[in-house]
Amino acid sequence: MKGYTMVQRVATDERPFETPSSDESGLGRSDSPSEDLEPEAALVVPPDGGWGWVVVVASFMCNFIVDGIIFSGGMLLTPIQKEFKATDGQVAPVNSLLAGFYLLAGPFVSALANKYGFRVVTIVGTLITSTAFALSYFAESVEYLYLVYGVVGGVGFCMIYMPAVLTVGFYFERWRALATGLALCGSGVGTFVFAPLTDMLNERVGWKMTIVIHSGLVLLCIIFGAMFRPINPVRVTLADKQDEDDDSRRHEEAVEKLNSMLKLQSKLDSGISMPAEMRFTNKVSPHTWMGVANNTRYPTAEEVFKGSNSHISRRSSATAGTIKHNLGNKPMFIALPVAEKDEQEDSNSNIDNAEPLISNTIKVITRDQRPRRSHMDLVARPFYRDDIFFSGSLARLPQYTSRTSLGYHLAVTHVPTQEDAQEEVSKQCRLCPESVKRALATMLDVSLFRSPTFILLTMSGFFTMLGFFVPYMYVKQRAESNGIGKATSVMLVSAIGIANIVGRIACGLVSSMPKVSPLWLNNIALSAGGVATMMSGLSYEEYFQFGYCTIFGLAIACFASLRSILVVEYIGLEQLTNCFGLFLLFQGLGALLGAPIAGALMDMTHSFDIAFYVSGSFLLFSAVIIYPVDYVSRWEKSRNKLASQPNA
């Protein structure tokens, strides 16, 4: 048998990745003989430091500015209301639209980032928001502010927020949870700083000039966005044995690492041999309203490298498609039989059971040791990864703990299609390129509504956001109307920011403990926040109000920190990106409606009490509806397992 090696090559700006002219990854047909083709994939392997710490600082500052302005927006409502002689219900949408579209635009901004990168999207979003804020100076009505400040400004903020949150994960693996946590602390620090700053500016120069100053501060995100430098991907492919015989001794350490990497898990979705091109194996139509399949139906890089005589193994998934690439006379793996074991019915369960068929010539060689074969770039899209939205420690993931580092990245990275690669190298401008359509199809996957577990988590997020922004917007006004001094009232919002910082750090530490349930931590936090909000009007002593703001800040910090962990635990890592797209839509809708509902209630009752009571009820209800999610998830998995079994 002819020997082959695994190749890891790093692209440079001058010499990007190239793929053979035919479709080597099995995503399309080719007229060339398959035995002369080699599978390959582009992987982004985090450096776990270096420039990554600069990215953390840049992300921190983006969150500092964006969330600082949004969460201090309540300071502007009273002067706007007075100038336009508007009611509370009429003025509330000004900031709620900003907060709502900052989340609602998430799936669409993500699709743009998938094509054009985090840096470009951040810079364009900065220019959009800064321009919208500057134009708000000329507002003659609240309706003008709805459109310019709220909708346009919110979309721009989303284009800053999404890249700032997600790019940190690309630079970190071992320290991902720490780095992401530090970056997101910018939200709490921004709230702490911007609340008194916005109030002071409003007093001295008026609300219009305050927004213009905010516009200038937002422009700083151009500098921070420019720091989101893309990582050159690593190319993984096969090489002839004769090409690397001279290097065998120098790469002995790499042999051990990659041999370990290439061990595959034993939990097989299917034992059926498949053709070289991708085949959609489940009953759901592979195409979506976007005209392409969602990401879970495309093969991972790990699947591309499995041999023609082997079974296809993949982590359990209700909707993930599988693929096998025909390597002709180049088999790489063969699955070994394993004894029956009791297995946890979790979508992330993995057991390594496959051994490399070729075990003596696996090496890492440089790109320059390989000849040029074509002129097509090998692309690595951020939203082709299953873990792009995962902000917790990778040690929580069986996909990570059961493999080496590079093996994990092979398992969670879905490969681009030939059309995607051709679009990348041609640089032609298309209204909706493949990478955009595929990201949208993934993040707006309505088939998820067949999952009761997903519905419960989605509705919980919606009701949480209905009550989320009300305290930020009205706690200062309520305190002033009940005799608390102006300076102290402003610091109540800052107190929420400080509690948010402490909560994110504490929640990250506690949730990393194996025996701590993220679900119960989330439920306790939201329940406490909801009850505290409902009871916050019992006393207007300063200590009581600061105590309430502390509890509320801790509660929302837990909600924000645990969202991705809950999805992975109860739905699965491979569905994380799908879930988050719809989560952003429903949470954005909740953020958009929450403050106007509170404002309308204040118009009707002329009191803050009912508004805070309803807001707290939303938070409490968001916790109560997911109390049984653990039982629902287990029932759903059992039902799906029975449905997938052939009739006797």
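This is a predicted model: local features need pLDDT of at least 70, side-chain atom pairs count only at pLDDT 80 or more; totals for chains, interfaces and linings use all residues.
This passage looks at the overall build of the chain, then at one threonine and a pair of cysteines.

Residues are numbered from 1 along each chain as its sequence is written, and side-chain values use heavy atoms, with hydrogens and water left out.

The chain folds up with 21 helices and 6 strands (DSSP runs, H or I of at least four residues for helices and E of at least two for strands, numbered from the N terminus). Of its 648 residues, 59% are buried, meaning under 20% relative accessible area with a 1.4 Å probe, protein chains only. Take the contacts (heavy atoms within 4.5 Å) with a separation of 6 or more: 84% of them link residues 24 or more positions apart.

Thr 210 sits in helix H7, which covers residues 176–218, and is buried at a relative accessible area of 0%. A polar atom of the Thr 210 side chain lies 2.7 Å from the backbone oxygen of Gly 206. Beyond its neighbours within four places in sequence, Thr 210 touches Leu 76, Thr 198, Leu 201, Asn 202 and Val 205.

As for disulfides (pairs of cysteine sulfur atoms within 2.5 Å), the structure holds 0. The sulfur of Cys 62 has its closest cysteine sulfur in Cys 221, but at 4.2 Å that is too far for a bond. Cys 62 is buried, with a relative accessible area of 1%, and Cys 221 is buried too, at 0%.

How values were computed. Buried means under 20% relative accessible area, exposed over 50%, partly exposed in between (1.4 Å probe, protein chains only). A polar contact is a pair of N or O atoms within 3.5 Å; within protein, one must be able to donate a hydrogen and the other to accept it, and residues adjacent in sequence count only if both atoms are side-chain atoms.
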